Amino acid sequence: MTYTEASMDTLRQVGDELADATVATLFERGEVGKFNALMRYVSTAGAPLPNGLPEVAREYLEATSAPPSWVDWGEMEKARLFFIDNNVHISTALSFASMPACYVVPHVARLLSATHSLKYPSKRMAETGQFTVYLMQPGAFEAGSRFIPAAQKVRLLHASIRHHLGRENQWDTEALGVPICQEDMIGGQMFFSLLVLDSLHRLGIHMSTEGAQAYFYAWRVVGAMLGVDQDAVPQDLQQARQFLDLYMIRHMGPSEEGAHLMRQLIDLYEEVVPGTFFDPIVSALSRYLIGDTCGDWLQVPRTSWDTLVKAVPHLLGVLETVEDRSPLGAWALDRVGHLATVFELSSLTRGRVMHYAIPEQLKKDYGVSRTVCRKHRWIPPAPTTL
């Protein structure tokens, strides 16, 4: 598919028909409170739905209880192994690149501010980490897993935001299109997939082409579960590059809300970093991954660490080479990475969801016995000419 201004404009007018209709009916019938109360007990796939659940919600949950029929489970297994091999790097990319990228899209920043969803950024980070871990667990789409209920709830959450913003006249639909429209949902999918891969490449992480493609594929499956139009979504990394380039050119820019959200995020990360000496590395790493233009828009402070952080890819490159050549080194670095991720997420969430985000039994639970092939190292698709 070739993306154009016209095709993107069309996507701005489309939400998620199934989820939107479900939420609208719940509100019309005054059944939102009952639904929320009963959904507290719906946390694993395949579990019986509670008695008394509104019929429209039951129909929605049954219709969305299975993954898309086209899922290639071999690719999903490759994605799982890629995630396990790079979990700390992926967490870093999500934290310091994907999240800030959302803030350089002014209408997305305004939406996040309007819904107060980032008033407590640690909650958003915990939810994102938890969602990703659920996705990458063995049997994520089987009975007893937590991923499918999580995806179903996120999809309804998006629909409820569309519902509220439209009903309360807090959104200029004529100028901005539908809140959390198909273009923005696909854009978010690109932030959590292609932009993560771009960030890993920028950090000097060694990735196989096979692993990078599988990671992108896994987020295609996520997009389908979240109501993204599969006729419009990029099918491969090259199409993803074209979409993301055009999306950012169309929308990125400075905003008061974006700068405010970024300040909140930096404050949160600085709380995680022990002491204060290393606090500037938070701003420096964000600026390094999102670039100076976006860094200036978001008012990311410039510090003396901006130069030092440029040495990070060289350091990580050395460690990656050790990991490539030595099984013992790979084991040790994987362990260090795992512990770093546990520390990062547990600090962000203050222990509230640590057991969900990164389980202590990560290796055991995930059954990891090997790493992805490191041959044919992945190189990001070149920027498109627009």
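Residues are numbered from 1 along each chain as its sequence is written, and side-chain values use heavy atoms, with hydrogens and water left out. Because the model is predicted, local features need pLDDT of at least 70 and side-chain atom pairs count only at pLDDT 80 or more, while totals for chains, interfaces and linings use all residues.

## Overall composition

The protein has 21 helices and zero strands; helices (H or I, at least four residues) and strands (E, at least two) are DSSP runs, numbered from the N terminus. Of the 386 residues, 57% are buried. Here buried means under 20% relative accessible area, exposed over 50%, and partly exposed in between (1.4 Å probe, protein chains only). The accessible surface comes to about 17500 Å², and carbon and sulfur atoms hold 56% of that area. Accessible areas come from the Shrake-Rupley method with a 1.4 Å probe, and for residues only the protein chains shown count as cover. Among contacts with a separation of 6 or more, 78% are between residues 24 or more positions apart, where contact means heavy atoms within 4.5 Å.

## Salt bridges

The structure holds 17 salt bridges, each defined as a side-chain nitrogen of Lys or Arg within 4 Å of a carboxyl oxygen of Asp or Glu.

Arg162 counts as buried because its relative accessibility is 7%, whereas Asp20, at 24%, counts as partly exposed.

Helix H11 (residues 182-192) and helix H12 (residues 194-202) pack with their axes 3 Å apart, at an angle of about 25°. Axes are lines fitted to C-alpha atoms, for helices over the stretch in contact, and angles run from 0 to 180 degrees between N-to-C directions. H11 and H12 are therefore roughly parallel to each other; angles under 35 degrees count as roughly parallel, over 145 as roughly antiparallel, 65 to 115 as roughly perpendicular and the rest as oblique. Met190, Phe191 and Phe192 in H11 meet Leu194, Leu195 and Val196 in H12.

Gln242 is in helix H14 (residues 237-251) and is buried, with a relative accessible area of 16%. Leaving aside residues up to four places away in sequence, Gln242 touches Met1, Thr2, Tyr3 and Thr384. Gln242 and Thr384 are 142 residues apart in sequence, yet their C-alpha atoms are 5.7 Å apart in space.

Most residues other than glycine have a negative phi. Ile180 has a positive phi, near 45°, and lies in the loop between helix H10 (173-176) and H11. With a relative accessible area of 13%, Ile180 is buried. Gln299 also has a positive phi, near 60°. Gln299 lies in the loop between H16 and helix H17 (305-308), and at 61% relative accessibility Gln299 counts as exposed.

## Nonpolar surface patch

Which residues make the nonpolar surface patch of about 310 Å²? The patch is made by Phe277, Phe278 and Ile281. Patches are made of residues with over 30% relative accessible area and no salt bridge: like charges are joined within 9 Å, and nonpolar side chains (Val, Leu, Ile, Met, Phe, Trp, Tyr) within 5 Å. Phe277 is placed in the loop between helix H15 (256-272) and helix H16 (280-297). Phe277 counts as exposed because its relative accessibility is 60%.
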